[in-house]
Each structure stands twice: as structure tokens, then as C-alpha cells.
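Me: Could you walk me through this one with me? I'd like to go slowly and ask things as they come up.

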Amino acid sequence: MSAFQPLNIKYSEIPPQFTPYDLVIDRSLNEMQDVFYDQDAVKRSLAEQNPSIVKVWMAPIPYDRGHLMSCMTVIYPGTIGDEFYMTKGHFHTDPVNDPEYYLTIRGEGMLLLQTREGDTSVSEMLPGILNYIPPGWAHRTVNTGDEDFVFLGFFPSAAKRDYSFIGLGKENFKKVVVKRLGKPEVIDHP
Ligand SMILES: [Fe+2]
């Protein structure tokens, strides 16, 4: 068996580019309606348009134990009602072996974290800050600025994502980030 060949990835934040990649996940509002708390605002937004919320590029690296995946995420600026655009968020299914790093390269955001036991944590995400997500913490990122929010992620390639706790009537993230008087505010899920 020949060794996997070394790989160099070029990225930029303006405009967001990441090459080479082997998968792009492009999520617009109609694909993530359930994640926003204000369902009337979701319906109002969709009646007008179906905005792009988030885009993720995954590096062409095997999804095998032993490899380290990298990806780039852009969350576009905007709100649904008063809740900022964000990712769906997920747990890694292995509670002890799959951590993740986020390195912000443009914009400003927040990182919502919580454990299965219900502990929560909120961190700032800014250029110059490297966020470490220990195993066992669900993670969701939120664009709290008025420009693209762009960050790189690094995690064990074999990590699988669990989104099953998110949605209407489900456990969900206990904290949400809303725009109040033009500023981000973290509140309990209404
Ligand atoms: Fe993750």
C-alpha cells in the first residue's frame, strides 16, 4: 500500500476560497428551518427568499482514523428574527476521542458549547483566537458581525457528527445568540 501523499491547501478569507476540496456543504434556510427558535420569523423569511446561511469546504483527506481533517466554514451575515445566522451544530459521536480546533480568519462570532449532561459554555471567536473544543462538547458557531465570518476547523478525520438533538421539540442548544440594540446577546433558549 502506498502512503497517502502530502497535501497543501490554499485558502483565503476574501473571497472565501479553499482548494483543493472534495466536498462542499451549502446550507440555505429551507434546509435548516428547525434550528432557529423563532418559527414565525423562519416562515416570514422564506416567504421572501431562501438565503444562504452557511458553506463548508472539506479537504480531500480520507475519513479514516489516523488522518486529521481540515475544513473551512463561512457563515454569512444576517438574522432570522433576532437570532443570528449560525451552523446547525453537532456532537461528535465518540464522546472521548474526537476534539476539534477552530481558527477564525475573518469576522466575529461566538462558539456555543454544551455537554450531554447540560453544561454550557460560550466563547468569542475572532482572528487571533484559537478555540479548542474538547471531546464530548456539542459545538455551534454563530456570526455576530455584519460581514462574512470565516474560520478553519481541524478534527480527527474519522469523527462522525450527531445532529439528532437539534430540531423542533428536541433538546437543542440551551443558549441562543440574538441581536439586541445592535449587539449580540446570549440568552436562554426561549
Ligand atoms: Fe465538529
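This is a predicted model: local features need pLDDT of at least 70, side-chain atom pairs count only at pLDDT 80 or more; totals for chains, interfaces and linings use all residues.

Me: Which residue stands opposite Trp137 of β13?

Reply: That is Thr115, which stands opposite Trp137 in β13.

Me: And what is the strand order in the open sheet of 3 strands?

Reply: The order is β11-β10-β13, and the pairing in this open sheet is antiparallel. The strands β11 (120–125) and β13 (137–143) stand at the edges with a single partner strand each, so one side of each has no neighbour in the sheet. From one strand to the next, the twist averages 20°.

Me: What holds strands of a sheet together in general?

Reply: Strands of a sheet pair through backbone hydrogen bonds, and the pairing can be either parallel or antiparallel.

Me: Changing topic, is β5 largely enclosed or left open?

Reply: Strand β5, residues 68–75, is largely enclosed by the rest of the structure, because 6 of its 8 residues are buried.

Me: Which strands are joined to β5 by bridges?

Reply: Strand β4 (residues 52–58) is joined to β5 by 5 bridges, and the two run antiparallel; within that pairing, Val54 has Ile75 of β5 as its bridge partner. Strand β14 (residues 149–156) also runs antiparallel to β5, with 8 bridges between them, and here Leu68 stands opposite Pro156 in β14.

Me: How many residues are in the largest nonpolar core, and which touch the most other members?

Reply: The largest nonpolar core has 35 residues, and those touching the most other members are Met72, Ile75, Met110, Leu111, Leu112, Leu113 and Val142. At least two residues of this core come from each of β4, β5, β10, β13, β14 and β16.

Me: What is Val142 in contact with, leaving aside its neighbours within four places in sequence?

Reply: With those neighbours left aside, Val142 is in contact with Phe84, Met86, Gly109, Met110, Leu112 and Val177.

Me: One last thing: where is Gly167?

Reply: Gly167 lies in the loop between β15 (161–162) and β16 (175–180).

Me: Why does Gly167 count as partly exposed?

Reply: Gly167 counts as partly exposed because it has 14 C-beta neighbours inside 10 Å, while a residue needs 20 or more to be buried and 12 or fewer to be exposed.

Me: And how far apart are Gly167 and Ile129?

Reply: Gly167 and Ile129 are 38 residues apart in sequence, and in space they are 30 Å apart, taken from C-alpha to C-alpha.

Note on methods
Residues are numbered from 1 along each chain as its sequence is written. Two strands pair if DSSP finds at least two bridges between them. Helices (H or I, at least four residues) and strands (E, at least two) are DSSP runs, numbered from the N terminus. Axes are lines fitted to C-alpha atoms, for helices over the stretch in contact, and angles run from 0 to 180 degrees between N-to-C directions. A nonpolar core is a set of buried Ala, Val, Leu, Ile, Met, Phe, Trp, Tyr and Cys residues joined through C-beta atoms within 7 Å. Two residues are in contact if their C-beta atoms, placed from the backbone, lie within 7 Å.
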